Amino acid sequence: MKFSIDKHEKYVLFKLNESKLDSITSPALKSELIMINANGIRNIILQLSDVKLCDSKGLSALLVANRLCTNSDGIFVLTGLQPTVEKVLQISHLEDVFNIVNSVSEAIDLIFMEEIEKDLKRELDN
């Protein structure tokens with residue numbers, strides 16, 4: 001599986017450099033995302049601009065990553081979705097499950113807004 005990882009203080013940008021997110025690539029993607037989360041990263045941006053096909057195994061990997069980030073009080077953001085991948089999410093009724101934005105900069109903004117909201121909530125709770 002071809003990919004690139006760009007680590008930042010508050011998030012990791014993971015770019016999948018494959019045309020398919022299927023039964024061949026999804027186990028490796030799932031493993032990488034699990035390792036990232038296990039290393040203390042709770043906010044992950046997954047850029048899928050090269051992905052033109054996504055099957056049920058690919059959706060499963062995305063759902064696992066979303067659950068891992070949510071369970072660690074973080075956020076999982078999908079960006080760069082091709083129309084075919086968007087259609088698969090719509091058909092599967094998952095477009096509302098995921099945080100989906102058009103660009104990496106929007107994903108970064110979303111993560112920072114979420115972090116600010118969590119910090120404010122913690123301050124109000126104390």
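Helices (H or I, at least four residues) and strands (E, at least two) are DSSP runs, numbered from the N terminus. This is a predicted model, in which local features need pLDDT of at least 70, side-chain atom pairs count only at pLDDT 80 or more, and totals for chains, interfaces and linings use all residues. Residues are numbered from 1 along each chain as its sequence is written, and side-chain values use heavy atoms, with hydrogens and water left out.

Select Thr 79 to begin. Thr 79 belongs to strand β6 (residues 76-79). With 1% relative accessibility, Thr 79 is buried; buried means under 20% relative accessible area, exposed over 50%, partly exposed in between (1.4 Å probe, protein chains only). Show the atoms around Thr 79 within the contact cut-off, which is heavy atoms within 4.5 Å. Leaving out residues up to four places away in sequence, Thr 79 touches Ile 45, Leu 46, Gln 47, Leu 48 and Ser 49, as well as Val 101, Asn 102, Ser 103 and Val 104. A polar atom of the Thr 79 side chain lies 3.2 Å from the backbone nitrogen of Ser 103.

Next, select helix α2, residues 56-71. The expected span of a helix is 1.5 Å times one less than its number of residues. For the 16 residues of α2 this gives 22 Å, and the end C-alpha atoms are 22 Å apart, which agrees. Colour the buried residues of α2: Gly 58, Leu 59, Ala 61, Leu 62, Val 64, Ala 65, Asn 66, Leu 68 and Cys 69. These buried residues pack against β3 (20-21), α1, β4 (44-47), β5 (53-54), β6 and α3 (83-91).

At the N-terminal end, Asp 55 is the cap, with a side-chain oxygen 3.0 Å from the backbone nitrogen of Lys 57. After α2 comes Asp 73, whose phi is positive, near 60 degrees.

Finish at Ser 26, in helix α1 (residues 26-38). Ser 26 is buried, at 3% relative accessible area. A polar atom of its side chain lies 2.8 Å from the backbone oxygen of Asp 22. Apart from neighbours within four places in sequence, Ser 26 is in contact with Leu 21, Lys 57, Gly 58 and Ala 61. Draw a distance between the C-alpha atoms of Ser 26 and Lys 57: they are 31 residues apart along the chain and separated by 6.2 Å.

Notes
Polar contact = N/O pair within 3.5 Å; in protein donor to acceptor, adjacent residues only side chain to side chain.
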